[in-house]
Amino acid sequence: MNARVPIAIACGLAAALCNLAPQSGFPGGLMLSLVTSLPLFYAGLTQSWLWALVAGLVATGVMLAFGGGWMALIFLAATAMPVIVLVRQALLAQPLQDGGLIWYPVDRLAWWLGGIGLLFGLGVFMVMETGPFRETVDQVFQAVFATAEMSETDLARFQEMFRRIIPPVFAGSTMLLLVFNGALAQWIARRSGRAVRAELPLAGLRLPMAAAVALAAASLGSAVIPGDAGLLLAIAAAVLSTLFVLQGLAVAHRLIGSRTGGGGGLAIFYVVALIMLFGLTPLVILMLMLLGVADCFLDLRRRNTSGTGT
């Protein structure tokens, strides 16, 4: 118990420092802010969700001291709570008669992640609909395009496009950041011998065909239905697309691992994928999403297993 307290406090302080880094003027501050949830994940995945909560409260206290009440509240709701929920679900287990454990399925964990992404997208949508936010956006657009030869109609169309793009993009990027930080924290926990759960097998993620049908329906609906209804469908499509990106990554993991024996081959794959992600983000995400959707109907991992005899 005594050893867990300083770990949780240290993780909370690290998370707060990462979150405040962009305001410090530090050159790598923006990059550090992307791993704000990493220490919180580590606190939970090496101990329990209660210690992720402790770390989150410590970080929230720091945010309250240096950023004020609103910043602390946003941190608690948008950064700490998603980590606490995901860690709690990930560490659920049922005991077996032989003394082993059946861990919470990764498929269900993915749906919890999707629910968090959906809430984030809806939250951004509601914030963007408030009067002060819309006035601020209008002023920014008018200032940016003041010297451009753009009619009022074109400016209004550009503003509407911005309004329709931001919530879905925010939902999907939030999900990917949570997965990245959670996976990295689990890897560090395993390497240090402190992981509560031995593994979180992304390669076992399998979404039902109904999810692929829902993705197609939401994507089509968002394209043809105007107004808020179409925007809500776009948020749903972004969440489902991100889940299929993860399934596509699981397929690639299984296919490459089975052909290279894992280890070095998988390491090279993730390094190349990360480089491509920074340079060709939309293309990589689209390829992985299509691979995940194809796996729903073709069961690519089972075909590869039967074909290789493994």
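1. A crossing of two helices is called left-handed if the near helix is turned anticlockwise from the far one by less than a right angle, and right-handed if clockwise; in this predicted model, α3 passes α4 in a right-handed crossing. Residues are numbered from 1 along each chain as its sequence is written. Local features need pLDDT of at least 70, side-chain atom pairs count only at pLDDT 80 or more, totals for chains, interfaces and linings use all residues, and side-chain values use heavy atoms, with hydrogens and water left out.

2. Helices here are DSSP runs of H or I with at least four residues, numbered from the N terminus. Helix α3 (residues 37–45) packs with helix α4 (residues 49–67) at an angle of about 145°, their axes being 6 Å apart; axes are lines fitted to C-alpha atoms over the stretch in contact, and angles run from 0 to 180 degrees between N-to-C directions. On the α3 side the contact (heavy atoms within 4.5 Å) is made by L40, A43 and G44, and on the α4 side by W49, W51, A52, A55 and G56.

3. Just after α4, G68 takes a positive phi of about 95°.

4. F41 touches V83, L86, V87, L178, N181, G182 and A185, leaving aside residues up to four places away in sequence.

Definitions and conventions. Helix = DSSP H or I, 4+ residues; strand = E, 2+ residues; numbered from the N terminus.
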